[in-house]
Amino acid sequence: MSRECLDKLESELQYLKTVREREVAEQIKEARSFGDLSENSEYDEAKNEQGKLYSRIAEIENILANAELLEAADTADEAGVGNHVTLLEAATGERFEYSIVGTQEANPRRNRISDESPLGRALLGHKVGDEIKFEAAAGVMTFVIEAITS
């Protein structure tokens, strides 16, 4: 993952462990004051929220423990993580633009593709003018790299 994504996750983890954990503990404390816990929907809701909170904390800690920091490509000579690529589909002549990012940052709707996706993997190390082919759900796709920027 990129330094930006790593920093974002570390910041979220810090918030969850400090501010959010205190908020949920306060919700539980308040719900307990309402009396009988067996019929206390506020208490059940607060405990469910606590479970979600601890689940998210564990998920982020796991991601951070296993994360590899991907350094952005220094140049735009070859496609790599951190680069923006413009592609021309050979069959249709349609242009596509993508940013190559780490897995945690991938968001196809925002044209951010993972370096581990079929297209991302096919792009890595290629230069402007190279033709790349990769297997997609629709079959083999062929693109020509028109531009690479950092």
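## The largest pocket

In this predicted model, the largest pocket holds about 300 Å³ of space, where a pocket is an open set of points on a 1 Å grid over the protein atoms alone, at which a 1.4 Å probe fits, with protein on both sides within 12 Å along at least five of seven lines. The volume is the space filled by probe spheres set on the points, and grid points are joined across faces, edges and corners.

The lining of the largest pocket, meaning residues with an atom within 4 Å of a point, comprises 13 residues, and Cys5, Lys8, Gln104, Glu105 and Arg112 lie nearest the centre. Eight of the lining residues are charged, three nonpolar and two polar, with Asp, Glu, Lys and Arg counted as charged, Ala, Val, Leu, Ile, Met, Phe, Trp, Tyr, Cys and Pro as nonpolar, and the others as polar. Helix H1 (3-32) and helix H2 (41-66) each give at least two lining residues, and H1 provides the largest share, five residues; helices (H or I, at least four residues) and strands (E, at least two) are DSSP runs, numbered from the N terminus.

## The sheet

Five strands form an open sheet in the order E3-E2-E1-E5-E4, with mixed pairing, and two strands pair if DSSP finds at least two bridges between them. Strand E3 (112-114) and strand E4 (131-136) are the edge strands, each pairing on one side only.

Strand E1 (residues 84-89) and strand E5 (residues 139-149) run antiparallel and are joined by six bridges, and Leu88 stands opposite Val144 in E5.

## Basis of the values

Residues are numbered from 1 along each chain as its sequence is written, and side-chain values use heavy atoms, leaving out hydrogens and water. Local features need pLDDT of at least 70 and side-chain atom pairs count only at pLDDT 80 or more, whereas totals for chains, interfaces and linings use all residues.
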